2 protein chains.
Amino acid sequence: MSGSRRVQQLMEAFRCLPGVGPKSAQRMTYTLLQRDREGASRLADALLTAIAEVGECQQCRSLSETAICALCDSERRDRSVLCVVENPSDVQMIEEATDFQGLYFVLQGRLSPLDGIGPAELGLDRLEARFVAGEVQEVILAINPTVEGEATAHYVASMAREAQLSVSRIAHGVPLGGDLEFVDSGTLSHAFAGRMPLV
Amino acid sequence: MSGSRRVQQLMEAFRCLPGVGPKSAQRMTYTLLQRDREGASRLADALLTAIAEVGECQQCRSLSETAICALCDSERRDRSVLCVVENPSDVQMIEEATDFQGLYFVLQGRLSPLDGIGPAELGLDRLEARFVAGEVQEVILAINPTVEGEATAHYVASMAREAQLSVSRIAHGVPLGGDLEFVDSGTLSHAFAGRMPLV
């Protein structure tokens with residue numbers, strides 16, 4: 001126990017961060033207070049500003065400090081292709097890894113009736129409105145292949161088919177650099193079922 | 001790239017934390033903004049309060065929000081034994097692991113002339129004043145066994161000997177649960193030189 005109550009409080013506050021246990025929280029606290037108070041004050045400011053200003057884009061439900069986010073607002077994006085993801089971080093991952101030029105829709109979760117998460121909580125009414133509005137021609141599902149994710153993907157896919165849009169899903173299979181020996185059986189059976197003709 | 005500038009700024013601000021790379025910073029940012037804004041605001045408050053209030057104990061140089069820290073101020077501590085450590089976190093470690101009942105002195109670093117860190121920067125003048133004041137009878141050195149730490153320990157030890165105090169140093173050797181096969185040669189030779197008679 002450190003004698004300082006403020007130091008203890010800061011250590012406890014760091015525990016809200018994902019992956020930060022007591023040891024890391026202690027290290028972060030002492031490092032900032034001893035060596036980087038400027039960084040600590042920048043972090044506090046960035047937190048307060050983000051909490052106050054960052055909300056949800058009214059179009060894609062991603063994180064944004066403006067009513068419509070920069071991506072949805074960009075004139076260079078292809079408005080006929082819509083990629084549906086679970087989380088705002090997925091948008092960033094796809095932007096960094098691919099050359100996808102369409103727009104996104106962020107569900108902010110997946111269907112989970114037991115937890116009270118139904119279509120309304122995922123904004124599926126808004127997504128359906130976009131499907132029938134006529135601008136979107138193609139839907140790409142990039143929802144995680146968990147049990148609940150599969151259910152969500154099926155639900156969104158049937159909505160898209162009803163609106164007569166073409167629907168595809170990103171491939172799930174053996175990761176690059178992966179070894180069949182270490183891949184779980186679910187992934188392997190998925191990879192087999194989703195095999196592609198070699199041309 | 002996320003479209004939101006505030007989100008980006010928060011990710012960058014998280015990088016000031018030790019052990020936090022781009023991936024962790026991203027995860028922290030999205031987790032807090034999506035799921036734990038209350039924790040984020042508590043963290044911001046704790047940071048600002050700690051920066052504003054936590055300074056240095058005038059007696060032991062540990063982190064404290066009062067002029068004299070709770071440990072130095074406690075009447076239950078043995079004022080005749082003084083343990084010299086490098087960092088405020090070392091105080092916490094010793095308090096948690098041992099039943100040491102004396103007081104501490106925190107150097108906040110180690111002698112490193114090339115970096116401009118001399119005796120004055122470590123508060124050794126203040127430490128010497130405590131050595132000669134008469135209250136302290138025994139000095140325990142818990143300075144890390146690095147090259148600069150060794151030099152610092154020797155310097156403090158000679159100061160203590162001049163004031164006719166008994167000086168000891170915590171044992172450095174093979175850690176509990178350690179295996180000789182994986183211990184570095186420096187530690188092993190240290191452990192050999194510091195062997196204790198079995199009684």
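Start in chain A, at strand β6(A). Find Arg169(A) there: it is the bridge partner of Leu141(A). Now widen the view. Leu141(A) belongs to strand β5 of chain A, residues 138-141. That strand pairs with strand β6, residues 166-169. The pairing is parallel, over four bridges. How does the chain get from β5(A) to β6(A)? It crosses through helix α7 of chain A, residues 147-162. This β-α-β crossover is right-handed.

One caution before we go on. This is a predicted model.

Over to chain B. Strand β5, residues 138-141, and strand β6, residues 166-169, of chain B pair in the parallel sense. Again we have four bridges. Pick out Glu138(B): its bridge partner in β6(B) is Ser166(B).

Which other strand pairs with β5(B)? Strand β3 of chain B, residues 78-85, does, in the parallel sense and over four bridges. For a landmark, take Cys83(B), whose bridge partner in β5(B) is Ile140(B).

Next, an annotated stretch in chain A. UniProt lists residues 57-72 of chain A as "zinc finger region: C4-type", and the entry is unreviewed. What does the model show for that span?

Now put the two chains side by side. In general, two copies of a chain are related by a rotation about an axis and a shift along it. Here, a rotation of 180 degrees superposes chain A on chain B. The shift along the axis is 0.1 Å, and the RMSD is 0.1 Å. So this is the relation of a two-fold axis. Where does chain A come nearest to that axis? At Ala44(A), whose C-alpha is 2.2 Å from the axis. The same surface serves both copies, since 100% of the contact residues of chain A recur in chain B.

Let's look at that interface. In total, 55 residues of chain A are in contact with 55 residues of chain B. How much area do chain A and chain B bury between them? About 4900 Å², with 66% of it on carbon and sulfur atoms.

Then the charges. Between chain A and chain B, the count is two salt bridges. Over all chains, the count comes to 16. Let's zoom in on one pair that spans the chains. Arg6(A) forms a salt bridge with Glu53(B), with the closest N and O atoms 2.7 Å apart. Arg6(A) sits in helix α1 of chain A, residues 5-14. Glu53(B) sits in helix α3 of chain B, residues 37-53.

That is the tour. Questions, please.

Definitions and conventions. Residues numbered from 1 in each chain as written. Chains lettered and ligands numbered in written order. Predicted model: local features only at pLDDT ≥ 70, side-chain atom pairs only at ≥ 80, totals over all residues. Heavy atoms only, no water. Pairing = 2+ DSSP bridges. Helix = DSSP H or I, 4+ residues; strand = E, 2+ residues; numbered from the N terminus. UniProt positions renumbered as here; feature names shortened; annotations may be inferred. Least-squares fit on C-alpha atoms with pLDDT ≥ 70 in both. Contact = heavy atoms within 4.5 Å. Buried area = accessible area lost by both parts, 1.4 Å probe. Salt bridge = Lys/Arg side-chain N within 4 Å of Asp/Glu carboxyl O. Right-handed = clockwise from strand over helix to strand, strands pointing away.
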